[in-house]
Amino acid sequence: MTTFLEKLLINYPYVISVILFFIGTLIILTQSNLFKKLLGINVMETATFLMFIAAGNIRGGAVPILSDTNAPYINPLPSALMLTGIVVSISVTAFALALILRLYREYGTVDANEIARLRNGGMEK
Amino acid sequence: MMTSWTTHLPVFVVILPLFVGFILPTLARRLRLVENLVIAVEVISFVMAAALAVLLFKQNGSPIPYAMGGWPAPWGIRIIADNLGVLFLLVIAIVGLPIALYTKGNLREEVGGRSRTARFYALYLLLMGALAGMAVTNDLFNVFVLVEVATLSACGLVSAHRNPRAAEAAFNYLILATLGSGLVMGSIGFLYITTGHLNMEFAARELAQVWQHSPHVVWMAASFMLTGFGVKAAMFPLHVWLPDAHSMAPTPGSAVLSGLAVKGYLICLLKILYNVFGQTLMRHFTMHHVLTAAGIAAILAGSILALRQDELKRRLAYSTVAQVGYIILGFGFVNQRGLAGSLFYLASHALIKSTLFLTAGAIISATGKTKVSELAGVGRKMPLTMGAFTVASLGLVGIPLFSGFVGKWHLLLGSFESGNFAAAAVILAGSVFCAAYLFPILRNAYFQETPGENWQDPGMAQRAAFVLLSAAIIFFGILPTPLLTLAQRAAADLLFLQ
C-alpha cells in the first residue's frame, strides 16, 4: 500500500491534473450559470495541458537546445502540442463568450434554467 | 507511374476548402461570387476524391501515403489516403455538392444578410476541410485539432440561424462537445505517455508491446476515447445535445451536421479503436460489447423518441440518434461483414439524412408549417421535393433497390457471423420503427385533401440538389459494388486481414 501512495506522491502532477479535470467536469455538469460552465471548460482544459506538460518534463532537465553537454533535456513536443491546445481553448472561450452575449441580449440573463423558463413561457403565449 | 499532381492529392483535398473558406468573408459584398466559389470547391473536391478512388482501385486497395513536408514518418506527419479515408472523402464530396447547390440564393430567410451568409459559407468550408482531414489523418494529435475545427465550425453553423433558440442550442452543443474533446485530448495524452508516439501505426506497434505494463492507463485511455467521441457522435445516452442543435440549425446546416459531421467523429473513433488499440485490446477490454450495447440502445430509444416528435426537423434529428446506433452496432461486431455493412450504412445514411433535412427545410420554408400533422397534401403541390423525401424515406427504412438496404443487409450478415441474434432482431425492429415514424408523413402528404394554398417546389439549384441526392441513393442501391468493395477493403484493413 505504501508503494501505491509513494507512486501517487512521485507522480503528483498527474494526480493534480486528474483532480482538476474532474473538478472542471463537475462544474460543467452541475452549474446552470453559463459563465461558470465556461470556466469549468477552461479548468478541464488546463488539466489536460498540465498532464501533457508533466509528461514531457524531466526533473532537473535542461532546455532542449542542442549543446555539447550531455545533460538530460526535457521533451519539447508536448509543450509544442499544448501551444496548439491553448489556441484551441482560447477560440472555444471566445466563441462561447459571443454566444453568451447574444443570449444575454435576447433573454436578459445568463442562467441556463432561467433562459429555458423564459423560452417556454414565450412559447405558451 | 504517378504524375506529380496526383502525388499531392491527399493533402490538397484537405487544404483547398480550408484556404478558400478563409477568404470568403472578405468577399461578402459579392455574394454571387461566394456562392459560385463554394460550388466550385465542392466540384473540385469531388473530382479529387474520385481521382483518389480511381488510383486506389488501380493499386488494388494499397493505401496512398503522403509525408507532409517530405519528413519521414515517426518525425514528420504522414497522412494516408487508405480505403477508409477515400470512402469517407467520396461521401463528403457526394453529399457536400448538393448541399452547396441547395444553399445557392436560399440563405437569406434563415441566416440573414450578406456578411452573415458569407460567414456561414466560411464555416461550411472549414467543416468540409476538417472532415476531409479526418478522412486522411494518421496522427493522434491531428485528430484532436481536426475534431476541434469541426466542432467549432459546426457550432457556428448552428448559431448562424437568426432564431435566438439556435444560440442556446449552439451553446449547449459547444459545452458538451468541448467536454468530449477534453476527454479525447486526455486519452491522447495517456496514449502518448504510454507509447511515446503520435503516429497511429507507431503508437499501435508500441502499444501492443507495452500495454501490459500499465493496463489501467491504457484502459482509461480507451474509455476516455469512447466517451469523448461518444458525446460528439451522439451515441445514445450522450445524445442530449443533438435534437436541439440539429433541428435549430439552418436547413443546410442541419443537413451537413446530421449527414456528415457526426460521421466524421465516427470515422475518427473507428480509426483509433481499430488502428491504435487493435481488435485484441478491444476484446480484452470488452469494448466491442459496449459498442454493441450502445448501438442497440440507440436504435430502440432513438426510434421511440422520434415517433413521439410532431415537429418535422426534430423527428429527423432523433432519427439520426437511431441511425448512429446502426453504425456503432457494426463497429462492435468486429468482423469484416459487420464493419463493411457499417461503413456502407454510414455512407448511405449521409446521403439519406441530408436529403431528408434539405427537403424538410424546403417544405418548411414553402409552407411555413413545421409540424408533421399540418403537412397534409404537400405531395401534390411540391412533387419533386416530396419525391426526393419519399426516395430518402424508403432508403432509410431499407427497402431493396435503395442504398439503405445494402448496408442493413451486410449489418445483418455481420450480426449472424458474430452470433449476436439480439442485434439482428434489433436491426429489423429498427426498420419497422423507421417506417412507423416516416410513412405517416408520406401518407399525409399524398393521400390527404390538398389545401388551396400556393405551395411550390423551390428554385432550379435546389431541385438539382434533390435530383442529385435521390439519384445517388438509388444508384448505390442498384449498383452498390464500387462503394461496397471500398467498404469491404477498408474493413479488411481495419481488421488486418490480408
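Helices (H or I, at least four residues) and strands (E, at least two) are DSSP runs, numbered from the N terminus. With that in hand, let's work through some exercises together.

This is a predicted model, in which local features need pLDDT of at least 70, side-chain atom pairs count only at pLDDT 80 or more, and totals for chains, interfaces and linings use all residues. Residues are numbered from 1 along each chain as its sequence is written, chains are lettered from A and ligands numbered from 1 in the order in which they are written, and side-chain values use heavy atoms, with hydrogens and water left out.

**Exercise 1. Describe phi and accessibility for B:Val334 and B:Leu401.**

Step 1: Recall the background. Most residues other than glycine have a negative phi, and most peptide bonds are trans.

Step 2: Take B:Val334. Its phi is near 50°, a positive value in a residue other than glycine. B:Val334 is found in the loop between helix 13 (312-333) and helix 14 of chain B, and at 6% relative accessibility it counts as buried.

Step 3: Take B:Leu401. Its phi is near 80°, again a positive value in a residue other than glycine. B:Leu401 lies in the loop between helix 16 (383-397) and helix 17 (403-417) of chain B, and at 53% relative accessibility it counts as exposed.

**Exercise 2. Describe the surroundings of B:Ser354.**

Step 1: B:Ser354 lies in helix 14 (residues 336-367) of chain B.

Step 2: Is B:Ser354 buried or exposed? Its relative accessible area is 0%, so B:Ser354 is buried.

Step 3: A polar atom of the B:Ser354 side chain lies 3.2 Å from the backbone oxygen of B:Leu351.

Step 4: Leaving aside neighbours within four places in sequence, the contacts of B:Ser354 include B:Val95, B:Ile99 and B:Ala255.

**Exercise 3. Explore how chain A meets chain B.**

Step 1: Count the residues. Chain A brings 39 residues to the contact and chain B brings 32 residues.

Step 2: Find the buried area, which is the accessible area (1.4 Å probe) that two parts lose on being put together, summed over both. The two chains, A and B, bury about 3,000 Å² between them, with 82% of it on carbon and sulfur atoms.

Step 3: Look for salt bridges. A salt bridge is a side-chain nitrogen of Lys or Arg within 4 Å of a carboxyl oxygen of Asp or Glu. The count between chain A and chain B is one salt bridge, where the side chains of A:Arg119 and B:Glu168 meet (2.7 Å, N to O).

Step 4: See which elements take part. On the side of chain A that touches chain B, those giving two or more residues are helix 2 (12-30), helix 3 (34-56), helix 4 (76-107) and helix 5 (112-124) of chain A. Helix 4 of chain A gives the most, with 17 residues.

**Exercise 4. Trace the salt bridge of B:Arg78 with B:Glu201.**

Step 1: The side chains of B:Arg78 and B:Glu201 meet at 3.0 Å, N to O.

Step 2: B:Arg78 lies in strand 2 (residues 78-81) and B:Glu201 in helix 8 (residues 200-210) of chain B, so the pair ties together parts that are 123 residues apart in sequence.

Step 3: B:Arg78 is partly exposed, with a relative accessible area of 22%, and B:Glu201 is partly exposed at 28%.

How values were computed: Contact = heavy atoms within 4.5 Å. Buried < 20%, exposed > 50% of the residue type's maximum accessible area, 1.4 Å probe, protein only. Polar contact = N/O pair within 3.5 Å; in protein donor to acceptor, adjacent residues only side chain to side chain.
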